[in-house]
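My notes follow in the order I checked things.

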Amino acid sequence: WITWGITTSSSKGIAAHIHLAPAGVPGPIIVPLISTGSTTWACPSSPTPVLTAEQVRALYEGRLYFNVHSAAHPDGEIRGQIVASGPKI
């Protein structure tokens, strides 16, 4: 399994997700995140999201990103590519 956590400091989001796509390209949602506070988001714990083999490859290749949506920017206000750390599985 995999865990995620995002904290924003200057934006109150209304939704957040993990997407599959390279930098600068929009992609499909693969994991919806849940709000754990006014500026924090986490991976749901039940059911725990499981990445497919292709999604794990994409993670290590830098092709996953998070997107936080706000009322002012419903298509996404904050986006960041996710870079895996640690040994490949």
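I started with Q55, which sits in helix 1. The model I am reading is a predicted one. Is Q55 buried or exposed? I found Q55 buried, at a relative accessible area of 13%; the cut-off for that label is under 20%. Leaving out residues up to four places away in sequence, I listed I30, V50 and L64 as what Q55 touches. I also looked up L20, which is 35 residues from Q55 along the chain, and the two C-alpha atoms are separated by 7.5 Å.

Next I went to R63, in the loop between helix 1 and strand 6. For A84 I noted a sequence gap of 21 residues from R63 and a C-alpha to C-alpha distance of 10 Å.

Then I took I14, which belongs to strand 2. I14 has 54% relative accessibility and therefore counts as exposed, the cut-off being over 50%. Beyond residues up to four places away in sequence, I14 touches W41, H69, S70 and A71. I checked G37 as well: 23 residues separate G37 from I14 along the chain, and their C-alpha atoms are 11 Å apart.

After the single residues I looked up the fold. I counted one helix and seven strands in the protein chain. Read from the N terminus, the order is β-β-β-β-β-α-β-β. The radius of gyration of the protein chain is 13 Å, close to the 12 Å that the globule rule gives for 89 residues, so I noted the chain as being as compact as a globular protein of that length. The C-alpha atoms fill a box of roughly 35 × 30 × 20 Å along the principal axes.

I then asked how many of the contacts with a separation of 6 or more link residues 24 or more positions apart. My entry for the protein chain is 57%.

The largest nonpolar core has 15 residues, and W4, I18, L33, L64 and I82 touch the most other members. Strand 2 (13-20), helix 1 (53-60) and strand 6 (64-70) each supply at least two residues of this core. Strand 6 gives the most, with three residues. As background, I wrote that nonpolar side chains tend to be buried together in soluble globular proteins.

I followed I82 further. What is I82 in contact with, once neighbours within four places in sequence are set aside? I listed W4, I18, L59, G62, L64, Y65 and F66.

Last, I looked at surface and charge. The protein chain exposes about 5,400 Å², and carbon and sulfur atoms supply 59% of that area. I recorded 5 positive and 4 negative side chains, with the centres of the two sets 6 Å apart.

Notes. Residues numbered from 1 in each chain as written. Predicted model: local features only at pLDDT ≥ 70, side-chain atom pairs only at ≥ 80, totals over all residues. Heavy atoms only, no water. Helix = DSSP H or I, 4+ residues; strand = E, 2+ residues; numbered from the N terminus. Rg over C-alpha atoms; globule rule 2.2 N^0.38 Å. Contact = heavy atoms within 4.5 Å. Areas by Shrake-Rupley, 256 points an atom, 1.4 Å probe, with all protein chains shown as cover. Lys, Arg positive; Asp, Glu negative; His and termini not counted. Charge placed at Lys NZ, Arg CZ, Asp CG, Glu CD. Core = buried A, V, L, I, M, F, W, Y, C linked by side-chain atoms within 4.5 Å. Buried < 20%, exposed > 50% of the residue type's maximum accessible area, 1.4 Å probe, protein only.
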